[in-house]
Amino acid sequence: MGFLRALHRARPLIRSNLSTSRVTCRWISSTPDRHNPEAAAAAAPAPTPEVRPRTPVGGARIEFANPEDAIEVFVDGYPVKIPKGMTVLQACEVAGIDIPRFCYHSRLSIAGNCRMCLVEVEKSPKPVASCAMPALPGMKIKTNTPVAKKAREGVMEFLLMNHPLDCPICDQGGECDLQDQSMAFGSDRGRFTEMKRSVVDKNLGPLVKTVMTRCIQCTRCVRFASEVAGVQDLGMLGRGSGEEIGTYVEKLMTSELSGNVIDICPVGALTSKPFAFKARNWELKGTESIDVTDAVGSNIRIDSRGAEVMRILPRLNEEINEEWISDKTRFFYDGLKRQRLNDPMIRDHNGRFKPVTWRDALAIVAEVAHQVKPDEIVGIAGQLSDAESMIALKDFLNRMGSNNVFCEGNGLSPQADLRSSFLLNSNIAGLENADLFLIVGSQPRVEAPMVNARIRKTVRATQAKVAYIGPPTDFNYDHEHIGTGPKTLLDIAEGRHPFCSVILSAKNPAIIVGAGLFGRKDKDAIAAAIETIAKFGRVNRPDWNGLNVLLLNAAQAAALDLGLASGPECIRSAKFVYLMGADDVNLDGLPTDAFVLYQGHHGDKGVYRANVIFPSAAFSEKEGTYENTEGCAQWTVPAVPTVGESRDDWKIIRALSEVAGVCLPYDSLEAVRARIGTVAPNLLNVEEREAPTISGELKPEFRQNLSMAPFGVAVDNFYMTDSITRASKIMSQCSSQLSKK
Amino acid sequence: MAWRGHLSRSVKELRFLYCQTSPASLPAREFVHRNYKDLKTLNPKLPILIRETSGVEPQLWARYDMGVERYVRLEGLTEPEINKALEELVKAGGIS
């Protein structure tokens with residue numbers, strides 16, 4: 001009864017409210033002034049412009065290419081100077097105001113179709129879509145007025161009209177733009193009682209899960225696919241309420257960057273298939289780390305829950321991966337918990353592995369190592385090794401009297417002397433300044449998708465030309481296939497090829513040499529031919545170094561920097577082989593009585609031949625320095641604990657050296673890094689590129705004959721290149737469904 | 001200069017560390033520019049690692065057999081003195 005009485009008392013109040021807000025049947029907003037913005041704006045006293053320094057959104061800095069092009073606009077009364085050509089939305093960002101948006105993405109073309117970014121501009125009759133409107137001098141932009149608020153609320157209401165209310169079962173929940181913005185700008189109730197539309201889900205392959213009913217048609221994925229990934233698979237079909245994103249005919253999205261549509265989708269329409277229903281984002285611990293699946297060293301965030309890596313996301317690094325990562329980087333993490341080695345093991349006389357203690361395993365290995373002659377000891381670093389473990393391996397073998405240390409993939413007698421001879425000298429971001437690319441024996445799309453994305457970006461932005469020498473392969477930009485082998489190189493070097501005039505007319509030519517050529521016997525002759533072309537085409541000038549080597553795996557650059565410069569020819573006489581995660585090295589020539597020690601985290605190819613196994617930590621479990629193909633050293637950070645009895649690689653080598661009686665003089669990570677500082681101090685300058693100043697011209701001439709065999713393919717299967725990716729179930733699904741055969 | 005041809009007999013690895021720009025590293029840079037080609041031609045199998053890092057004081061490291069290493073600071077040395085230091089490092093390996 002008390003309730004009824006209260007209602008009776010409140011009725012006049014409700015009635016008065018209704019009459020003032022001119023809503024007859026239902027309320028849709030809690031703030032009455034939004035229903036009559038014009039009146040409210042007229043009634044409110046003109047706000048005094050508050051001029052206090054504001055910081056741009058995300059700490060962004062603006063560069064003025066030409067100071068005369070600066071214009072001044074006013075955002076909520078605050079004056080900002082911006083370069084001509086910026087949009088209203090960008091001007092607001094410079095003024096420190098984040099405009100809500102769905103379709104706008106700074107790295108994609110402007111669509112202007114979600115209308116969420118509407119703002120009021122003085123003297124404009126209607127609110128304007130700020131993402132598509134260029135800022136004009138003296139423009140007075142108002143982002144916080146009743147008109148702008150009402151516009152956002154209205155857009156939100158239309159978007160939610162057909163959006164399912166399934167946030168509790170949606171994987172985007174907690175990191176959803178629509179969820180966040182409806183909380184911030186939306187109305188607190190809806191007016192629609194009709195049925196919501198439903199859309200058939202599309203099959204985009206094993207990586208991207210689609211729930212197309214959730215789609216708000218922002219077309220970010222369509223623009224990403226056609227602009228960045230370079231596949232014309234996705235498109236918009238239908239009109240009006242029948243509008244949907246799809247592939248028209250059923251087709252998988254066969255791009256090596258397809259996983260990025262998960263990140264750019266503002267709602268839960270495109271989510272990660274392997275991550276579906278696995279975890280909520282607020283349960284995850286993020287660890288900022290480095291990718292090791294290729295030589296690019298993409299910056300990633302490893303999201304883990306407890307001891308398990310749940311997913312991998314990109315981290316912004318304009319110099320390396322911008323904000324994208326390849327599908328291999330994003331989805332290989334399930335390999336981290338399969339096929340793991342967790343105990344030291346010794347193969348018994350039946351050929352079976354038996355778990356033993358570290359003490360026994362180390363004692364046996366140390367004993368065997370002392371029974372062989374020093375130069376019969378060979379150490380091979382694997383493609384996922386960090387700099388710390390490689391210097392420990394090298395020091396250990398040197399102290400045992402052997403010089404046979406190398407890293408797989410670096411080929412016969414690698415050229416480690418001059419850093420410029422094995423690095424991507426113009427830097428990944430610097431490739432954007434090139435106007436001509438000559439790609440020699442490299443398939444950048446599978447070897448380094450992020451470098452390929454950079455080349456594609458350059459080609460799209462500046463119509464840079466691309467010439468390619470190598471076996472037929474897939475490119476997602478215009479290119480000219482000018483040859484398949486060293487013969488074409490020789491023709492260009494001797495000035496007989498039509499490409500010569502092209503390279504001479506280019507302003508900043510870039511030559512990209514694939515590290516797959518390191519495996520050839522005539523690699524020095526190829527390098528000499530390329531250097532001749534570089535000299536002839538003025539590729540190497542004081543202001544531009546366009547002679548680049550694109551490495552294949554994460555350990556290569558650091559291995560060469562640290563002087564792991566022996567060659568695989570020493571395997572033939574080896575009696576003791578120390579495989580430190582080396583699975584892809586060819587052990588065919590190894591004598592049958594040789595003792596093989598495999599130290600690694602995965603039971604992969606190397607284990608089949610091993611006599612003793614030392615379990616070590618994977619990149620997600622240790623602190624390590626990795627140097628990427630442009631010579632930039634970066635650190636991984638442990639995200640999850642190590643598995644079983646496994647230890648960091650360098651610690652195992654340190655322990656073994658003590659048991660073997662040649663104790664290494666360091667026992668902490670700092671001490672190992674101090675040791676690295678006496679070999680390659682550039683590895684200590686993390687996230688810096690130490691540009692080599694001396695060029696290949698210092699190299700003595702090698703007399704070697706070019707073989708005419710055409711260049712081969714370096715990476716067979718993009719999805720499976722190392723021990724972790726080979727253990728990954730998702731990667732095996734990808735290679736069976738997505739690889740083009 | 002005969003010792004130059006026998007570098008790889010006693011020395012397993014040579015490392016020049018210096019800065020790309022600093023004046024302290026200038027003689028080391030010049031020495032490498034003038035002598036690298038000669039040294040490498042005479043000792044094609046010997047790794048002569050040239051590691052340029054900003055802010056590093058110039059130093060020359062030699063690694064001998066069994067992982068023994070010695071080094072010389074090159075700061076303040078002139079080019080002939082660097083040559084002398086290298087010769088001493090090479091000869092030190094021959095004796096030990």
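**Exercise 1. Describe how helix 13 of chain A and helix 15 of chain A pack.**

Solution. Helix 13 (residues 486-493) of chain A and helix 15 (residues 523-536) of chain A pack with their axes 9 Å apart and at an angle of about 35°. Here the axes are lines fitted to C-alpha atoms, for helices over the stretch in contact, and angles run from 0 to 180 degrees between N-to-C directions; helices (H or I, at least four residues) and strands (E, at least two) are DSSP runs, numbered from the N terminus. This is a predicted model, in which local features need pLDDT of at least 70 and side-chain atom pairs count only at pLDDT 80 or more, while totals for chains, interfaces and linings use all residues. Residues are numbered from 1 along each chain as its sequence is written, chains are lettered from A and ligands numbered from 1 in the order in which they are written, and side-chain values use heavy atoms, with hydrogens and water left out.

The next step is the handedness: helix 13 of chain A passes helix 15 of chain A in a left-handed crossing, a crossing being left-handed if the near helix is turned anticlockwise from the far one by less than a right angle, and right-handed if clockwise. The residues in contact (heavy atoms within 4.5 Å) are A:Leu489, A:Ile492 and A:Ala493 in helix 13 of chain A, which meet A:Ile526, A:Ala529, A:Ile530, A:Thr532, A:Ile533 and A:Phe536 in helix 15 of chain A. By class, this contact of helix 13 with helix 15 of chain A has 8 nonpolar, 1 polar and no charged residues, where Ala, Val, Leu, Ile, Met, Phe, Trp, Tyr, Cys and Pro count as nonpolar, Asp, Glu, Lys and Arg as charged, and the others, Gly among them, as polar.

**Exercise 2. Work out how helix 10 of chain A and helix 18 of chain A are oriented to each other.**

Solution. Helix 10 (residues 387-399) of chain A and helix 18 (residues 649-659) of chain A have axes 8 Å apart and pack at an angle of about 20°. That makes helix 10 of chain A roughly parallel to helix 18 of chain A; angles under 35 degrees count as roughly parallel, over 145 as roughly antiparallel, 65 to 115 as roughly perpendicular and the rest as oblique. The crossing of helix 10 of chain A past helix 18 of chain A is left-handed. The contact is made by A:Glu388, A:Ser389, A:Ala392, A:Leu393 and A:Phe396 of helix 10 of chain A, and by A:Asp649, A:Trp650, A:Ile653, A:Leu656 and A:Ser657 of helix 18 of chain A.

**Exercise 3. Find the buried residues of helix 19 of chain A, and say what they pack against.**

Solution. In helix 19 (residues 669-676) of chain A the buried residues are A:Leu669, A:Val672, A:Arg673, A:Arg675 and A:Ile676. They cover an arc of only 155° around the axis, which puts them on the same side of helix 19 of chain A; the arc is that of the directions from the helix axis to the C-beta atoms. Their packing partners are helix 10, strand 27 (624-627), strand 28 (633-636) and helix 18 of chain A, together with strand 1 (13-18) and strand 4 (69-73) of chain B.

**Exercise 4. Describe the surroundings of B:Leu49.**

Solution. B:Leu49 is placed in strand 2 (residues 48-52) of chain B, and at 0% relative accessibility B:Leu49 counts as buried. The C-alpha atoms of B:Leu49 and B:Leu14 are separated by 6.1 Å, although these residues are 35 residues apart along the chain. Leaving aside neighbours within four places in sequence, B:Leu49 is in contact with A:Ala416, A:Asp417, A:Asp561, A:Leu562 and A:Gly563 of chain A, and with B:Glu13, B:Leu14, B:Arg15 and B:Phe16 of chain B.

Technical notes: Buried means under 20% relative accessible area, exposed over 50%, partly exposed in between (1.4 Å probe, protein chains only).
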